[in-house]
Amino acid sequence: MSLLTLEALTLMIGAAPILRGVTLGLGPGEILGLVGESGSGKSMTALAVMGLLPQGARTLGRIWLEGQDVLALTERQMCALRGNQIGMIFQEPMTALNPLMTIGDQVAETLMVHRKMPRAEARQIARDKLDRVGLTAPRFPLSLYPHELSGGQRQRVAIAMAIALQPRVLIADEPTTALDVTTQAEVLDLLRDLARTEDMALILITHDLAVVAGMADRVAVMRRGEIVETGLTETLFRAPQHPYTAQLLAASTHRPEAAARPTFAPGREYLSQEENPAASSWQKYSDPDGALLRVAGAVRTYRLARPRPFAPHPALRAVDDVSFTIAPGESLGLVGESGCGKSTLTRAILGLDPLQEGTIRLGAHLVGPGMPQAARADVQVVFQDPYGSFNPRQRVETLVAEPFHLTGLPADWRDRVAAALVEVGLAPEDGAKFIHEFSGGQRQRIAIARALIIRPKLIVLDEAVSALDVRVRAQVLDLLAALQASHDLAYLFISHDLSVVRNVTTRCLVMQAGRIVEQGPTEALFTAPGHPYTAQLLAAAPQIPPAWMEDRAHASPLV
Amino acid sequence: MKPSLALGAVLSAAALAAAVLSLIWMPYDITQLAIAQKLQPPSLAHWAGTDHFGRDIASMLMAGARTSLAVALVAVGIGVGVGVPLGLSAAALRGSWLDEVMMRGNDLIFAFPSLVIAILITAVFGPSATNAIIAIGIFNIPVFARVARAGALSLWTLDYIRAAQVAGKGRARISAEHILPNIANLLIVQGTIQFSLGILAEAGLSYVGLGAQPPTASWGRMLAEAQTMVTLAPHVALAPGLAIVVTVLGLNLLGDGLRDALDPRLRGRVA
Amino acid sequence: MGRYILRRLITLAASLLLASLVIFALIEVTPGDPASFMLGLNAAPETVAALRDQLGLNDPLPLRYLHWVAGMVQGDFGLSYTYKVPVADLVADRLKISLPLALIALALSSALALPAGVWAASRRGRAGDALVMGATQLGIAVPNFWFAMLLVLVFAIKWRLFPAGGFPGWSDPLAALRALTLPAIALALPQAAILARVLRSALIETLGQDYIRTARAKGLSRRAALTRHALRNALIPVLTILGMQFSFLLAGAIIIENVFYIPGLGRLIFQAITQRDLIVVESVVMILVFAVIAVTFLTDLAYALVDPRLRRHA
C-alpha cells in the first residue's frame, strides 16, 4: 500500500494554474526523484503536501498520507503532522537556520513542539540526531551557532531537524543545488543512507537528472504543472516514453558539435586596422609561442582582519602562483569549488584588479587596471546571472553597444548591434526592448551579443550557462560553439559543472585553494586524473551511467 | 493604483495647489488688519474663520502652505544636491579614506541633536526662512548620502557593473550612467519622507519664533499665536494644525505608495 | 566579545573628541560677546574687558579648548553667564525633570508600539493591519506641539484632569507625575507610531526568511514561528530606533517643554541660546551628544547580546 498518494492534485494561484492533475504515489522506504525544469511545479507539489502553500493558493484533488486526507486537515492538525509525519529540507542551507539560535536548540525544538518534552531530554535526542547526520560530539557541540558551520554542515543540521522524530516521509527540495560537488556527494550519501536504514520514504526534488540517476528508485518527470512520465529509474533513463523526457536526457548530456574551425570565416569582415589600432600591434608583437593570453606566476592576496588588535593583517593568497596560456581559438576550461580563487583570477584576467606578483599578458599588452582601452577590447566576458547582468533601465541596443566605449562608437553602431543580435539568434527589433521582456536564455544570448560586438579574441564565460535549464543550456552551448568556429574565438570556460566543461572544452585547468593543481587535455584529464583532488572531484560529480544512454545515442533531436 | 497612494497624491497635490494659487489669488488680503472682524468662527465669508487681528485664516493657510513647501523643498534640494554626490562617490570608492571619512562624518552628524543645532543656527544667524532652510537642509545631507551610498553599494556588486568595467568605463561614468538611474526610486521615496519631515521641522521652528518672520505667513507661527486664545476660539488653533497634518500625511502616503509602486520586487508580486 | 567592545569604545572616544571640536568651533563663530550680554547694554567698556579677562575669553583658542575639555572631564562645565551658577548644577537640576520625562515617554511609546507592531505584522494585509498602519500614519503626521495643545485643551482646560503647564517640583511626587503626564503623552504618541511601523516592517521582513519556513516545516504554528523565531531577529532595527528615540526625547522635548512651561533641559538650552549664554549652550550640547553616543554604544552592546555573529566574529 502506498504511504503518500497525490490524486489529481490541481493548484491555482489567482487565475494561474500551477499544478494540473498531479497524480503520484510513494511507497514506504522508497526514494522518488521528482525532476523538471524551473517553473515546472516541483516545489509547489512539495509545499502542497506540507500545507505551506503561499496565501491565495487554492487546491483541488486529494493528498493521502497514511489514510488521512491532508488537504482536509485544519491548520492545527497540519502543525501536528509537519515535522512529525513529514519532514522537509530546502535548497538554501545558508539561510535555512535561525542565525540567533544554537543548532542544538533548533533540533531540540522539533521534539519539544511535538512531544512536549523537557528541554534537557530533547537536547539529549538532538545530540543523537546530530551524531547521526555526521556532526559528531566533541567537534560539533550543541552550543554552535549556524554561522560557525559551512553550507554542507548547515544542511546536515537541517536534515537532523527534519528527521528528529523519524517521519515516514522526507521531502528534500533541491537539497544540494547550493553546495559544492564534493559536499553534494556527501549529503546525497547521507540522505540515501537515512532512507535505507530508517525506513523513511524520500522525495528528492531536483533539476539535475544525474543526481536522480544515482539516487532514486523511481522517477517522475514534471513539465508545466503536470507529471509527463513516471517509471523505474533505469527503465526511464534507458527508454523514455515521453518526448519531453527524451529531450531532457539528451540536453543534459549534450555535447555541441565541434564544427571544423575555418581559418577564414567567409562573409564576415573583421575590424580593419583603422578601426582597431590594437590589431596592428597585435600582429607585430604577438606572443612568441603564439599564445593569446599568458598568465605567468600570478599572485593575488587579500588582507584579512587582524586576529588581535595591532597584530599584523594576515594575508589570504586567493590566487597563488598561477601560470597557464590560452591559444587563439582554443576552449580552455577552469574548474574548482567555491572559494578556490576562480573569481579572483577572472577579475585579474579581465584587467579589473592588479596582481601582487606575476604577469598576465594579452598579446603584446600587460593586463591590469591601467591597461590601454584599445587593448581591453580583445577580452570580453559573459556572466552567470542572466538577471543581474543588465542595467534594467537601458534598452537592449544601448546595453549591447556598451563595449564600443573601448573602441569609440562607430557611425553604424545600430546596424552592428542588429547584426550581433541576429548572430545570437534574436531579431534586430529586439534592440528597442528592455531586458525584462526576455527570458533567462534570451538574456544570456544578449550577453553574448554584448561580448561579441567589438570582435574580441577571447571571451571569458564565467559560469555562463550555470543558471540555465538543461534544454536552454544545450542551445546556448551550441550557439557558443558555432560562434567560436565562425569568429575564431578563444573561450575561457569557468564552471563548477564538470560535465559541461568536459563536453565543451579541449583543455582544462583544475583549481584548488588558489593553485592550479592539474592541467591537461580535457578528455585525458577526465578519464585518467593525475592529481588526487581531480580524482576526488570526478568521483563526487553525479553522472548518468553511460550504459543507460547508449541505446539512444544520437537518437533524439534537440528541441 | 492603491487607494492610499491615490489619497496621498490628492492631499499632496491639494497642498501644492493651495501654495501655487496663493501666489496669484487669495480670498482676502492678509496684510490688512480688521480688528472688528476678529476671532470669528468659520462662516460662508470666512471658511476657516478669522484670527485675533481679523485676518482670514483660510487665506493665511494658503500663504503658509507656500512658506512650508518652499522651505521643505529647498531643504530637500540641499540634501539631494550635496548628499547624493557624496554617497555615490563613497560607494564608488568603497573602503577608501573618502568613504571612511564620509561614513564617520555621517555618524557624527547623526549624533548631534538636530533640533538643538537648528535652533542654534537660526538663533545665531537671526531667525528667518532662509536660515531655517539651511538648518533643516544641513541635516538632510547625511540622510541622502547614506541612502545613496547604501543603494549604490548593493548595485556595485551586480554583474552589469562588472560588464561596464570590462567595457572600460570609469567609476564616475558608471555612477552616473548605471548607478544613479537605478537608485532614483530610493531617492524619490526618501525625498518625500524628508519633505514631510522638513514641513514638521519648519512648523516647529516657526512655533518657537525662529522660522519665517512676519509678515511672511507660517503655520507654525499661527499656532504659536493661537495658543494664548485657544480657549476663546479653538478654531484658530485647529486650522493650522490640520493643515500640517493633512500635508504631512499626504506626503507620507505618497512616499509609501511610491515605494511599493516603484519597488520592482513588489511590482512582480502584485502583477 | 572583548574585541568588539574595545573597538566600540575606541569609536566612542574618537566621536566624542571630534564632537567637542565641532561644538567648540560652532560656538566660536557665534557672534555676540558673552561679557557684554552679561553686563547689559550700559556697562562701561573697562568692566566688560575685566569680565572678559576673568572668564578667560582673551586666552588663545587652543588653550580655551583644552581648558573647556579638561574641565568637563573633571565634571566642571564652567559658570553660566546669566545665572551665575555652575553649569553642572543647572544641568543636574534640569535633568531631574527631563530624564524622568524622557523615560516615561519612552516606556509609554514602547508599551503602545510593540504590541501594535506585532499585532499588525501577524495580520499582514488584513483589516487589523490596515487599522494600525492608518493610525501610525496619522501619528507621524501630527506635530507633537500641536497635539500637546489639543491635549491641554481637552484634558486640562475642559476636563481639568491634569495641569495645563508648569512643574511643581518633586517634593510632591504625585503632583509632579501629573504635571508630566500630558507632556509625556504628547512626546510618546508620534514616537510610538514610528516604532510600531519599524517593528512591523522588520517582522514582515524576517517572516519572509527561509528559517521561518524551516520552522513551519518542523511543525511550529504561525504564531509560534513569529514569537520564537521572527521576533528576536526583528529586534535589531527596533533597538536602533529605541536608542535614537531616547536621545531625541532627551533634547527634542524643547518645543514640548515650551508648550507646557516645564523647566527641563530643552527649555534651558532654548533660553541659553536666546540669551547668548554660550557656555551653557556649549556644555549642554556636548552633554547631549555624549548621551547620544553613549546610547549608541549601549545599543551596539545590545546587538552583541542578541546576535551571536557579532559576539564571536567582530
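**Ground rules.** I'm working with a predicted model, where local features need pLDDT of at least 70, side-chain atom pairs count only at pLDDT 80 or more, and totals for chains, interfaces and linings use all residues. Residues are numbered from 1 along each chain as its sequence is written, while chains are lettered from A and ligands numbered from 1 in the order in which they are written.

**The sheet.** I went on to the strands around that pair. Helices (H or I, at least four residues) and strands (E, at least two) are DSSP runs, numbered from the N terminus. E6(A) and strand E7 (residues 169-173) of chain A run parallel, joined by four bridges. Two strands count as paired if DSSP finds at least two bridges between them. I traced an open sheet of six strands in chain A, in the order E6-E7-E8-E3-E9-E10, with mixed pairing. At its edges I found strand E6 (86-89) and strand E10 (226-232) of chain A, each pairing on one side only. From one strand to the next, the twist averages 15°; angles run from 0 to 180 degrees between N-to-C directions, and axes are lines fitted to C-alpha atoms, for helices over the stretch in contact. Helix H9 (residues 243-252) of chain A packs on this sheet, touching strand E9 (218-223) and E10 of chain A. The direction of H9(A) makes about 100° with that of E9(A).

**Chain A as a whole.** I counted 21 helices and 20 strands in chain A. The C-alpha trace of chain A spans about 80 × 60 × 45 Å along its principal axes. Of the 559 residues in chain A, 46% are buried (20 or more other C-beta atoms within 10 Å of a residue's own, with C-beta atoms placed from the backbone).

**Where A meets C.** I found 25 residues of chain A in contact with 20 residues of chain C (contact: C-beta atoms, placed from the backbone, within 7 Å). Helix H2 (75-81), helix H3 (103-115) and helix H5 (151-163) of chain A each give two or more residues to that side of chain A. H3(A) gives the most, with four residues.

I checked pLDDT, the predictor's confidence in each residue from 0 to 100. Chain C has a mean of 87, with 98% of its residues at 70 or more. Within chain C, confidence is lowest in helix H2 (residues 34-39) of chain C, at a mean of 72, and highest in helix H9 (residues 210-217) of chain C, at 94. For the complex, the predictor gives an ipTM of 0.87 and a pTM of 0.86.

Definitions and conventions. Two residues are in contact if their C-beta atoms, placed from the backbone, lie within 7 Å. A residue is buried if 20 or more other C-beta atoms lie within 10 Å of its own, exposed if 12 or fewer, and partly exposed in between; C-beta atoms are placed from the backbone.
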